[in-house]
Every structure is written in C-alpha cells, then in structure tokens.
Amino acid sequence: MSPMRSILAAVLLAAFVMPPASPVAAAAVTPGPVCDHQPLANATAPAGAVTVDAAVPGDLYRKSQESPPGTTFWLPPGTHLLAADPFGQVIPKDGDVYLGAPGAVLDGQGINRAAFTQQAKDVVIRGLTIQNFVAPQDQGVVNHDSGEHWIIENTTVQNNKGAGIMAGARQEVRHSCLRNNGQYGMNAYRSDSTISALIIEGNEISGNNTDDWETRSPGCGCSGGIKFWVVDKADVRGNWIHHNHGAGLWADTDNNDFLIENNLIEDNDAEALFYEISYNLVFRDNVLRRNSLVAGKRRADKGDNFPVASVYLSESGGEPRVPARTHLVDIYDNTFEDNWSGITAWENADRFCNSPANTSINTCTKLVADRTQCSAPGIASPPLYDDCRWKTQLVEVHDNTFRFDPVRAGCTNGSCGKMALLSNWGTYPSWSPYQGKVVQDAITHDQGNYWFSNAYYGPWKFVAGDTSRILTAEQWQSTPWDQDNCASFDDVMPHC
C-alpha cells in the first residue's frame, strides 16, 4: 500500500472506535441446482399437524384462521387454491409452520395477489411450490408484509408477478428456488427500514425480472435476482444466482455490513453485484462468469464508453463510523471469468444528500440525520463536506483472479475487459462544493482505494480518473495511479 493510502487508513481508523473483527467464515455451502432438486420430505403429516384439503378451495386460509398460534399445517400432494378473489390469501399466526408434501402446490390462479401476508413472527414455510400469484409492482407473494424471522426452506417460488418473496428482519431463506418471477426473486424492502440480519443460503435464484421492469419504467432501479434496500447485515452464501434479467444482487441505498461469499454468479444480464450508496462489504470466494454481457453490449452499441462491470461499486465504501464486521469494502479470493468487465469503483460527483442529482429521493447518508442540512453554505465545510457524500472509499481489491477472452464475452470492439476507478467532472447543482475534478482526485488518490496482488489473464485495460483515460497495466501500476502492486499478468511473476 502506498504511503499516502497507509496514512489515510490510519487517520480514519484512529478517529473512531474500531469495529468488530472481519467476518468468520461459516461452513461452506456448495452452490448448485436447487430448482427441481428439492428433498423428498414431509411425505406424511407430522403428529399433531392440521391436514389441509386440496379439494376445498380456501381450506388453507380457513384452517389458518381457526387454529391457534404455533400450529403446524400439512399440505398433501396436489394443487391447493385460495378464494377466487385478488385478496384471497393466507394470514399466519406467530409460530405457524406450513409443510408441503412432495407435489404440494399453492397456486394463485393468476388471480390472488399474495400467498402469505401480514406480520406474524417466526413463521416457517417448508417444502411448498408457490406459483402464479399476481403481486403488483414492488410487492411480494410470500411474507407480503415483511414479518419478522420467517424461515423459508426447501421451497419453490416461481412464475409470480412482482417479487416472489418480501423480506423481514432476521429472515432466513435456505435451499429454495426463486425463479422466473416478474420483478424480483426477493425484494428486501420495508418502509420503516428495519430489515436486519438476513440469511440467504444455498438457494438457486434464476430467471427473475421476466417483465423487464427497467424497460417498462426506465430508471426505476426495480429489478434483479434480489434487491436490498436499507438492510443492516446480510449473509449471502452458497447460492447459484444466474440468468436473471438484470443484476444478480443489487444493494441500493444505505445497506451495510454485507458478507457475500462462496456464490456462483453467472449469466446475469447486468451486474453480478451492484453495491450502490451503501457501506462495509466483504465479497470473497465467489465465482463470477459471463455477467453484464447484455447490459455491456447494449451500452456499447449506443456509443457509451462507461465501464460496465460485473461488480459495480457506486458511491459505496468502507466507513468505520457505521458499525459492521469490517470497515472496508473488501473484495478478495474471487474468480472472474469472461464477464463484460471486471470491477468498477465509481463515485458520482453530483450525487449527494439534498442534491437534485440524487436518484434515491429524500435519502441521506448514515452520517447525517437531516438531509436538508446538506445545503449551502454549510456543506462547503467539515463535517458536512465529508458526511453529506456517499464515498467510494477504503475499497481493497486483492488476491482475485481475472480471466478475460473478448471472443467468449462477445465483445470485439474494445469496449469491454476493463478495470476502473473513476468519477465524473462535478457540475451540478450550482451550489455544489464538489465541482470540477474534486471527487476525481479524491477517489483515485485520497480515499484509500487500492488494488493489489491480483492475477490477470487476457487483454485487460484499466480506466483511471475518468472514462477517457485508458491505461495499460504498466501505466495502472505506475505513478500517479500506483495500483496493483504485486499483480501478475498472464503468469508473468510480479515485482513486489
């Protein structure tokens, strides 16, 4: 690490209480097929369970209403229906358990908006297939109202409109199939911003956003395999995330303390991971293949030279003042193969609290309680000068393997195969203190962003400062950029 970066890191860490140590690895879960590979369990009703009659529409709703909290319901094989009404639904009570025998399907008939609703706690759903519900935009089918600590396991949620699942605090989604839903596989959003401690483990998340929401509502930022909004702590591990029509994972707006590890993320139309105006991330031991090929080509065909990446950090970085298991965005021990590009660390100089250019309307950083404080003249001086801006800072990219063949990526015009650390020229609004090259200089030289000890294979290019500056590996490693110390290129041993 350069002396300047070492000094910056030391100053930042000395100013605040040190956060807990970096995350400790959980037992590895091997990513792989889950859809159509669920275990054959619950073939008979457990002792004391209430059996639901598939031949009686609405039987599941009625028995849930009539039974006390903590009841186990068993759904035998067959197609179970709710009332033929948009608001036909199941309303669990605290501690209810819903078990599906092999072949048990809860079908929304293209009529029902949601399957499981309201805010009971500690609900368990296991072994069911839940399909053909028609949730409106941004709403979901399972846990529609974001109840706390739901466990969804060995369950298939497919072919629904909206989001297959909504998330609540301490929700666990394990070994489940979230596929071909109209908007999201899961939407981790709650209006009061109280979602925390999510576990998403061993799932297959594929083919979501079938309704192509980014085309239907340009700029909505409302699509992907999973979308996270203001989530504090999430563990995403051992999942196979593939062929989603948009980003595989998208964390947008003041998320914090994410551990994303041991996932196979491939063939998503856009980014494998889009981490946007968020904080403190460990991204490790993942395999990323052929992501952003659709989005990259679409942008290149328009003549746009922005470095579309497989991991896109947009105004996101480490922040010691926001409590988490790390004070960095730490990206290491991952393998990248034939994605449109590698990693783009970007900061929009015009996007900050109270700026008209902030597309996350009415939001502010976690460091400022009242966004209206972020205005002239106060924003021009510390602490608001620093705290009103989501900073791409304390990003470390190290010990990764980057393989790139432009033919396999379907890119022959040189617009792909990039690694980037950049910003735009600040212009807006007129009272912004970040005009000109202020943020460009900060992100490239002063905010502790550092690549090191990576291995590159193929014709990689490097972008520094702004989109027009394309560097060779030698230039990327040299002053004034000083990146990728101890990196190797096509097996040429590094000089450290």
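Colleague: Is Q158 buried or exposed?

Modeller: Q158 counts as buried, because its relative accessibility is 10%. Buried means under 20% relative accessible area, exposed over 50%, and partly exposed in between, with a 1.4 Å probe and protein chains only. Please note that this is a predicted model, in which local features need pLDDT of at least 70 and side-chain atom pairs count only at pLDDT 80 or more, while totals for chains, interfaces and linings use all residues. Residues are numbered from 1 along each chain as its sequence is written, and side-chain values use heavy atoms, with hydrogens and water left out.

Colleague: Where is Q158 placed, and which residues is Q158 in contact with?

Modeller: Q158 lies in strand β10, residues 156-158. Helices (H or I, at least four residues) and strands (E, at least two) are DSSP runs, numbered from the N terminus. Apart from neighbours within four places in sequence, Q158 contacts T129, I130, Q131, N132, R179 and N181. Contact means heavy atoms within 4.5 Å.

Colleague: Which UniProt annotation covers residues 143-292?

Modeller: The unreviewed UniProt entry gives "domain: Right handed beta helix" for residues 143-292. UniProt positions are given in the numbering used here, feature names are shortened, and annotations may be inferred rather than shown by experiment. In the model, residues 143-292 are 3% helix and 47% strand, and the end C-alpha atoms of that stretch lie 30 Å apart.

Colleague: Which strand does β15 join, and over how many bridges?

Modeller: Strand β15 (residues 196-201) runs parallel to strand β18 (residues 232-237), with five bridges joining them. Two strands pair if DSSP finds at least two bridges between them. L198 stands opposite A234 of β18. β18 also pairs in the parallel sense with strand β21 (residues 256-261), over five bridges, and there D232 has N256 as its bridge partner.

Colleague: And what does β1 pair with?

Modeller: Strand β1 (residues 50-51) pairs with strand β2 (residues 72-75) in the parallel sense over two bridges. Between them the chain passes through helix α2 (residues 59-66), and this β-α-β crossover is right-handed. That term applies if, with the strands pointing away from the viewer, the path from the first strand over the helix to the second runs clockwise. T51 faces W74 in β2. β2 is paired in parallel with strand β4 (residues 97-100) as well, over four bridges, where T72 is partnered by V97.

Colleague: Changing topic, where is P429 found, and why does P429 count as buried?

Modeller: P429 sits in the loop between β32 (418-423) and α6. P429 is buried because its relative accessible area is 5%. Leaving out residues up to four places away in sequence, P429 touches F352, S355, P356 and Q435. A357 is 72 residues away in sequence, yet its C-alpha is 7.8 Å from that of P429.

Colleague: Which residues of α6 are buried?

Modeller: In helix α6 (residues 438-446), V439, Q440, A442, I443 and T444 are buried. G448 follows α6 and has a positive phi, near 70 degrees.

Colleague: Finally, how many helices and strands are there in the whole chain?

Modeller: The protein chain has seven helices and 37 strands. Of its 496 residues, 57% count as buried. Of the contacts with a separation of 6 or more, 72% involve residues 24 or more positions apart. The C-alpha trace spans about 75 × 50 × 45 Å along its principal axes.
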